[in-house]
Amino acid sequence: MTAPVWVGAWEPADGEARVRALFADRFGGEPDGTWSAPGRVNLIGEHTDYNGGLCLPFALPHRTYVAVRRTGGDTVRLVSAQESTGVREVVLSEVAPGTVDGWPAYVVGVAWALREAGHDVGGFEVAVDSCVPYGAGLSSSAALECAAAVAFDALFGLGLAGTGDAPDDAGRATLAAACIRAENEIAGASTGGMDQSVSLRGRAGHALLLDCRDGGVRHVPFDLAAHGLALLVIDTKAEHALVDGQYAARRAACEQAAALLGVPTLREIDADGLGDALATLAHGTGPVGDGSADAEVLVRRVRHVVTEIARVEEFVALLDADRVEEVGPAMDASHASLRDDYEVSCRELDLAVEAALEAGALGARMTGGGFGGSAIALVRADAVDTVAAAVAQAFAAADLHAPAFLVATASAPAA
């Protein structure tokens, strides 16, 4: 049997010590402070955020830590324990779309976006260390952005984040908007806002019901342990990347379909109107006009988005009714839709889901943007090891890279 590999979260004191040590080694002396932000896992509601829809993520205990020191002038110096490129240097006044490559774009992009919004953010030195699995679809990029955002908020006196005991949700929404702009315009990934929103606006012990049409949130209690359940995250090691054009192509298709249907976003198409919308796209009763293969693609993309939003509503209703054990079928249907209609799954994700279900998971699905990354499985708490072992064995039998596993609990936001 192939033994599962587990990825634990650092204790906060350990994460802080690690990043302080890196800072001292590369820059000398002490930082002005340390901050951190979590990765996230999304329970359901995939590729709905940029369509004005609903999603239901929560913050992981796995966090990215930053140690930051203000400096004079306009220069930024950056180092990461996860990269071997040494200290990078960027001049803030020269930052613009297309000017910064690699991981520093996620840090200096936030500073740039805050400056663009009128905030006075100057030069700094930053060291980064993280236990958020990289390339796993668990939003290591948003964790980095949001850790930087709360650091800049504190160091430059922006007054947006609030305190740990009294977070300012409106201010944190402003910080999230800066992080989203950094990822879209400086890092070049056309993602929606789910990841940054939950990293900054989440709450321990809760999932975040995010309405991406108006930015509204509701904290939904999410305590699986009280129900004898656990959420197993399976990092398939199929590398997840959002800047290779596939994610952008899905977003463009949704925007095209919305334009053809005469609506601002696909959120305006509900379950009752889905049939007519799909007929318009497929049969030329509206602006599409030719029933081509491209139209068939739009049909599949729209069908996923509209039905996925409905699955979020179903999932939340079950949580509200304390019927957590019944959410599995919605998870399974979500994966099938992402695999078949949205076409963002892959061999590894499908195998992880199939193996987990065969081993007794109550529900399973890919999570995150897709094209690799992670899957999640809702399992009995006493079956975590059994399900993980079955998935690991299935990967070994298929001659795939060994996956890694973690158990996700709803944790605290950036601070």
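Tutor: Contact here means heavy atoms within 4.5 Å. The model is a predicted one.

Student: Which residues is Leu175 in contact with, leaving aside its neighbours within four places in sequence?
Tutor: Leu114, Ala149, Asp153, Leu160, Ala161 and Leu200 are in contact with Leu175. Leu175 itself lies in helix H4, residues 169-186.

Student: Why is Leu175 called buried?
Tutor: Buried requires under 20% relative accessible area. Leu175 has 0% relative accessibility, so Leu175 counts as buried.

Student: What does UniProt list for residues 106-202?
Tutor: The unreviewed entry gives "domain: GHMP kinase N-terminal" for that span. In the model, residues 106-202 are 55% helix and 7% strand, and the end C-alpha atoms lie 20 Å apart.

Student: What about residues 22-70 in the UniProt record?
Tutor: The annotation there, also from an unreviewed entry, is "domain: Galactokinase N-terminal". Residues 22-70 are 12% helix and 53% strand, with end C-alpha atoms 16 Å apart.

Student: What makes the phi of Ser139 worth a remark?
Tutor: Most residues other than glycine have a negative phi. The phi of Ser139 is near 65 degrees, a positive value. Ser139 sits in the loop between strand S7 (124-130) and helix H3 (140-155).

Student: Which residue has a phi near 60 degrees?
Tutor: That is Asp399, again a residue other than glycine with a positive value. Asp399 is in the loop between helix H11 (384-397) and strand S13 (404-408).

Student: Are Ser139 and Asp399 buried or exposed?
Tutor: The cut-offs are under 20% for buried and over 50% for exposed. Ser139 has 7% relative accessibility and therefore counts as buried. Asp399 has 70%, so Asp399 counts as exposed.

Student: How do you know that His62 is buried?
Tutor: His62 has 2% relative accessibility, and the limit for buried is under 20%. His62 therefore counts as buried. This residue lies in strand S4 and touches, among others, Val7, Pro38, Cys131 and Leu406, not counting residues up to four places away in sequence.

Student: What makes the pair of His62 and Ala9 a polar contact?
Tutor: The distance limit for N or O atoms is within 3.5 Å. A polar atom of the His62 side chain lies 3.4 Å from the backbone nitrogen of Ala9.

Student: How is the chain divided?
Tutor: Into domain 1 (5-222) and domain 2 (227-408). The C-alpha centres of domain 1 and domain 2 lie 25 Å apart.

Student: How do you know that domain 1 and domain 2 are in contact?
Tutor: 41 residues of domain 1 are in contact with 52 residues of domain 2. The two domains bury about 3,700 Å² between them, 65% of it on carbon and sulfur atoms. Trp6, Ile44 and His47 supply 18% of the area that domain 1 buries against domain 2, more than any other three residues.

Student: How many salt bridges does the rule find across the interface of domain 1 and domain 2?
Tutor: The rule finds 4. Between the domains, 21 residue pairs are in polar contact.

Student: Why is the pair of Glu46 and Arg365 called a salt bridge?
Tutor: The rule asks for a side-chain nitrogen of Lys or Arg within 4 Å of a carboxyl oxygen of Asp or Glu. The closest N and O atoms of Glu46 and Arg365 are 2.7 Å apart, so the pair meets the rule.

Student: What about Asp14 and Arg18?
Tutor: Their N to O distance is 3.4 Å, and the limit is within 4 Å, so Asp14 and Arg18 form a salt bridge. Both lie in helix H1 (residues 12-27), 4 residues apart, about one turn of the helix.

Student: Why is Asp14 called partly exposed?
Tutor: Partly exposed is the range between the buried limit of under 20% and the exposed limit of over 50%. Asp14 has a relative accessible area of 32%, so Asp14 is partly exposed. Arg18, with 37%, is partly exposed too.

Student: Are the partners in the salt bridge of Asp235 and Lys237 buried or partly exposed?
Tutor: Asp235, at 5% relative accessibility, counts as buried. Lys237 is partly exposed, with 45%. Their side chains meet at 3.5 Å, N to O.

Terms used: Residues are numbered from 1 along each chain as its sequence is written. This is a predicted model: local features need pLDDT of at least 70, side-chain atom pairs count only at pLDDT 80 or more; totals for chains, interfaces and linings use all residues. Side-chain values use heavy atoms; hydrogens and water are left out. Helices (H or I, at least four residues) and strands (E, at least two) are DSSP runs, numbered from the N terminus. Buried means under 20% relative accessible area, exposed over 50%, partly exposed in between (1.4 Å probe, protein chains only). UniProt positions are given in the numbering used here, feature names are shortened, and annotations may be inferred rather than shown by experiment. Domain bounds come from an automatic or database domain assignment. Buried area is the accessible area (1.4 Å probe) that two parts lose on being put together, summed over both. A polar contact is a pair of N or O atoms within 3.5 Å; within protein, one must be able to donate a hydrogen and the other to accept it, and residues adjacent in sequence count only if both atoms are side-chain atoms.
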